[in-house]
There are 2 protein chains.
Amino acid sequence: MNPSDLSAPTSPAGVDLSRENGVALWKQIQQVLEAEIAQGIWPPGEKLPTEFQLAERFDVNRHTVRRALSGMEEKGLLRVEQGRGIFVHEHVIDYMVTKRTRFTENLRRQNRSTDGKFLFVEMEGASEKVAKALGLREGDPVICCAKVSYADGRPINVSETYFSAVRFPGIEDVLRECESITEALQRCGVRDYTRKSTRVIARLPSQADADHLRQPRNRPVLVTEGLDVDEQGRPVSFGASRWASDWVQIVFES
Amino acid sequence: MNPSDLSAPTSPAGVDLSRENGVALWKQIQQVLEAEIAQGIWPPGEKLPTEFQLAERFDVNRHTVRRALSGMEEKGLLRVEQGRGIFVHEHVIDYMVTKRTRFTENLRRQNRSTDGKFLFVEMEGASEKVAKALGLREGDPVICCAKVSYADGRPINVSETYFSAVRFPGIEDVLRECESITEALQRCGVRDYTRKSTRVIARLPSQADADHLRQPRNRPVLVTEGLDVDEQGRPVSFGASRWASDWVQIVFES
DNA sequence: CCCTATTTGTTCGTATGTATC
DNA sequence: TGATACATACGAACAAATAGG
């Protein structure tokens, strides 16, 4: 190591850990690091020193540091990314799901800026799943609207939303002109719609989804499938989303 | 390979793929495999031949097979486990979350046998999160009831449920005697309770959770945190669960 | 595209102290 | 006292993902 590095200490001074008070070393390390995060010494989003550097600082084995870090990761305080490093976790976004779930409105209420980018809007034949949800037959024409949604400039969601091309003729063009799906549906005569059911699973993302969400492929995503219905209970749209689970938690209020 | 292996063919006979009809080879392979799964040639839970064996069977490169398989995995037809193999996905369990969510009742309705195993029931000091949810102060005494729940003999859920030790004196012993938490609460004077909110995230499991759920550590789990309240709206219990996301999808009905 | 360095993830083996039977 | 189990801590090696040239 270059001596000039000493002028830019990347971590607080050495800490004395007691090896005789009966408290496990890894627990003491976790306490110290949690306190430092709480004090803002390591602000949200900041990269922590490497496991090796932390091991040097506390004068313990790397395994001992890892034990402390894994406890903090489970608490949601850290995000550990293989090959990149360890990061202090930013505050996650609560995405509230209620009967009346609207993406933009939802995040605005949490003082998040929102943005969206259409990937494509096109007509295709309904898959078995889409057909079943919308009450159509497999192969019936549907409009698929694929987009990536952002909060505070970070991609948090990749989605495809399907509409019956028969029920909503011309929605293809309307969607391309509108900012939000709610707006497009209103222009197509749907004054109001509500969420009927939402299905949630967790899995690892496809390469394409990982790219869109700018996350590694070994971090899981939340996958949701939701069906929206109009005031008469008829299906309006079926949406499939992948959420960056490191940044979003989905909250269902009854 | 031992010649006797030939007497136990593990896969259907060779299939002719057309290289001239403009349909990508991997799509043709996917069609064939999906048809075979639909026909029950590869029943749910069955291990498929290795990628190499499939490549030999279709006389293509292993990467071509992988392309087909990855499409099927995204559809949820397969489950790929690094180092173990490729398995036909069993039908997943729909765990319905409504205002009145009861574990056993919920799964019985889907003709699933249920079982549970208590890991421990003990008193501890409330963490910040638990205290906040139950309306207590950090360190206040709470009873933690940890269990693993099974459906059809497969572990699908690891959970800890917390109760105020002040509000429910003696629940520690009642829990140990009861089969279900609903029953224990009834014995403690809670006639009815409803789910107020449920929070969902996805992450990779801890070693302990992976062991309980009998799944590899690189398969994600669904993590839910739910708050139950009594008829007066007072918090009754706070539960934190990890779900084997390969076997369960959580469905919220509004 | 390959190659290398960095960093985290995983799995061995070993040793020690403590609690329990 | 021994036998056993368990948690803790260290060391070494290798695997896997990332980033940069």
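User: Hi! Before we start, what are strands here, and how are they numbered?
Analyst: Strands are DSSP runs of E with at least two residues, numbered from the N terminus. One more thing before we go on: this is a predicted model.

User: Thanks! Which strand does B:T198 lie in?
Analyst: B:T198 sits in strand β7 of chain B, which covers residues 193–203.

User: Is B:T198 buried or exposed?
Analyst: B:T198 counts as buried, because its relative accessibility is 3% and the cut-off for buried is under 20%.

User: What does the side chain of B:T198 make a polar contact with?
Analyst: Its partner is the side chain of B:R195, at 3.1 Å.

User: And which residues is B:T198 in contact with, leaving aside neighbours within four places in sequence?
Analyst: From chain A there are A:I250, A:V251 and A:F252. From chain B there are B:V97, B:T224, B:E225, B:G226 and B:F252.

User: Speaking of both chains, how can chain B be laid on chain A?
Analyst: A turn of 180° with a shift of 0.0 Å along the axis does it, giving an RMSD of 0.2 Å. The two copies are therefore related as by a two-fold rotation axis. The same surface serves both copies, as 100% of the contact residues of chain B recur in chain A.

User: Nice. New topic: which residues surround DNA strand C?
Analyst: Chain A supplies A:T50, A:E51, A:R62, A:H63, A:R66, A:V80, A:E81, A:Q82, A:G83, A:G85 and A:I86. By class, that surface has two nonpolar, five polar and four charged residues.

User: Where does the largest share of that surface near DNA strand C come from?
Analyst: From α3(A), with three residues. Helix α3 (62–74) and the strands β1 (78–81) and β2 (85–88) of chain A each give at least two residues.

User: What part of DNA strand C do the atoms within 4 Å of the protein belong to?
Analyst: Sugar or phosphate accounts for 62% of those atoms, and bases for the rest. On the phosphate side, a backbone N or O atom of A:E51 is 3.0 Å from a phosphate oxygen. A backbone N or O atom of A:G83 is 3.5 Å from a sugar or linking oxygen. For the bases, a side-chain N or O atom of A:H63 lies 3.3 Å from a base oxygen.

User: Last one: is A:R242 buried or exposed?
Analyst: A:R242 counts as buried, at 7% relative accessibility. A:R242 is in strand β9 of chain A, residues 235–244. Its side chain has a polar contact of 2.8 Å with the side chain of A:D209. Not counting residues up to four places away in sequence, A:R242 also touches others, including A:E160, A:R203 and A:L213.

Methods: Residues are numbered from 1 along each chain as its sequence is written. Chains are lettered from A and ligands numbered from 1 in the order in which they are written. This is a predicted model: local features need pLDDT of at least 70, side-chain atom pairs count only at pLDDT 80 or more; totals for chains, interfaces and linings use all residues. Side-chain values use heavy atoms; hydrogens and water are left out. A residue is near a molecule or strand if one of its heavy atoms lies within 4 Å of it. A polar contact is a pair of N or O atoms within 3.5 Å; within protein, one must be able to donate a hydrogen and the other to accept it, and residues adjacent in sequence count only if both atoms are side-chain atoms. Helices (H or I, at least four residues) and strands (E, at least two) are DSSP runs, numbered from the N terminus. Ala, Val, Leu, Ile, Met, Phe, Trp, Tyr, Cys and Pro count as nonpolar, Asp, Glu, Lys and Arg as charged, and the others, Gly among them, as polar. Copies are superposed by least squares on the C-alpha atoms of residues with pLDDT of at least 70 in both. Contact means heavy atoms within 4.5 Å. Buried means under 20% relative accessible area, exposed over 50%, partly exposed in between (1.4 Å probe, protein chains only).
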